[in-house]
Amino acid sequence: MADIELKDHEFGQFRRLIFQLAGISLSPAKKALVQGRLSKRLEHHGVASFTAYYRFLQLHPAERQLAVDLLTTNETYFFREPRHFHWLQQHVLSPRRDRTSRPSPPLLRLWSAAASSGEEAYSMAMSCADILGWQGWEVLGSDISHRVLDKARRGLYEMTRTDGIPEHYLKTFCLKGTGQYAGHLLVDPKLREKVRFVPMNLNDVLPDVGEFDVIFLRNVLIYFSMETKQQVLDRLIRRLRTGGWLFVGHSETLNGIDHKLVQKAPAVYQKVSA
């Protein structure tokens, strides 16, 4: 089947769809991306136009989820924006380790709210295991894309994607693939057990996942309109415990958003009151 052109009015349909389902605002510059990522689905189903495929999506929720998966940007890597992990280790994890008061503090809960294929969540878990040991903490990873969450749960990555992992973490928390898995790295099963991945749409009512001490919401807000940013922040801040920390991407800002958080470092905020 020859490449099918995505017409302007059809692109408008998919822009509205992805905004409705995921709150993501696609710029006009993303037209080629939409055409490129969805064209194989048209071929797979034997439909002759993007309009026909759009109609097909209205009748098939599973295909609609797949389309969302394909149109959601999922760029990530281990220990991305390393200054955030330094802050996490020095200002959140180390003070907790050094605390001598009794009884023991409640379970430390960390949330990678746009986990993609899992590298961020596992980076958080490696930091926790290194500083706190194996008890007293847990990590939740969530994403709107079911496809990338399947990859995250496997914890299997190409070695070319692991450059950001500190050498001693590689030796402690990762297994080098052999045979058919040569050239790959597997996150140690003991660490994978500390991380749970669940599908979640931040632009919708959140499931009951409890409260958190640390939330990473990095490189997500840039895809949302100002109204959607406010709504997403409201939902997540309600899940943040008093004294808890919110991390956003270094290219992002909370300017113009009503959040009542205190900025402690670039792209690092703390909830100081309920």
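Tutor: Start with an open sheet of seven strands, in the order 6-2-1-7-8-10-9, with mixed pairing. Here, helices (H or I, at least four residues) and strands (E, at least two) are DSSP runs, numbered from the N terminus. Two strands count as paired if DSSP finds at least two bridges between them. In general, strands of a sheet pair through backbone hydrogen bonds, either parallel or antiparallel.

A word on the source. The model is predicted: local features need pLDDT of at least 70, side-chain atom pairs count only at pLDDT 80 or more, and totals for chains, interfaces and linings use all residues. Residues are numbered from 1 along each chain as its sequence is written, and side-chain values use heavy atoms, with hydrogens and water left out.

Strand 9 pairs with strand 10 (residues 268-270) in the antiparallel sense, over three bridges. In that pair, Val262 has Gln270 of strand 10 as its bridge partner. The loop between strand 9 and strand 10 holds Ala267. Ala267 is not a glycine, yet its phi is positive, at about 65°. With a relative accessible area of 7%, Ala267 is buried. Buried means under 20% relative accessible area, exposed means over 50%, and partly exposed lies in between (1.4 Å probe, protein chains only).

Helix 5 (residues 82-98) lies across strand 1, strand 7, strand 8, strand 9 and strand 10. Helix 5 runs at about 160° to strand 8. His91 sits in helix 5. Its relative accessible area is 40%, which means that His91 is partly exposed. His91 and Ser39 are 52 residues apart along the chain, and their C-alpha atoms are separated by 47 Å. Helix 7 (residues 146-154) lies across strand 2 (137-143) and strand 6. To strand 6, helix 7 runs at about 165°.

Then look at helix 10. Its 13 residues, 226-238, should span 18 Å at 1.5 Å a residue. The expected span is 1.5 Å times one less than the number of residues. The end C-alpha atoms of helix 10 are 19 Å apart, which agrees. Buried in helix 10 are Thr228, Lys229, Gln230, Val232, Leu233, Arg235, Leu236 and Ile237. To read such a list, recall that an α-helix has 3.6 residues a turn, so residues three or four places apart point the same way. The buried residues of helix 10 pack against helix 1 (8-22), strand 1 (108-112), strand 7 (212-217) and strand 8 (240-248). Contact here means heavy atoms within 4.5 Å.

Phi of Asn219 is near 60°, a positive value in a residue other than glycine. Asn219 is buried, with a relative accessible area of 15%.

Helix 1, one of the elements that helix 10 packs against, also meets helix 2 (residues 31-45). Their axes are 10 Å apart, and the packing angle is about 80°. That makes helix 1 roughly perpendicular to helix 2. Angles under 35 degrees count as roughly parallel, over 145 as roughly antiparallel, 65 to 115 as roughly perpendicular, and the rest as oblique. Helix 1 brings Asp8, Phe11 and Phe14 to the contact; helix 2 brings Lys31, Val34 and Leu38. Four of these residues are nonpolar, none is polar and two are charged. The classes are: Ala, Val, Leu, Ile, Met, Phe, Trp, Tyr, Cys and Pro nonpolar; Asp, Glu, Lys and Arg charged; the others, Gly among them, polar.

Finally, three strands form an open, antiparallel sheet in the order 3-5-4. Strand 3 (156-158) and strand 4 (174-176) are its edges, each with a single partner strand, so one side of each has no neighbour in the sheet. From one strand to the next, the twist averages 30°. Strand 5 (residues 184-187) pairs with strand 4 over three antiparallel bridges. Opposite Leu175 stands Leu186 of strand 5. Strand 3 also runs antiparallel to strand 5, joined by three bridges. There, Glu158 stands opposite His184.

Key: Axes fitted to C-alpha atoms, helices over the stretch in contact; angles between N-to-C directions.
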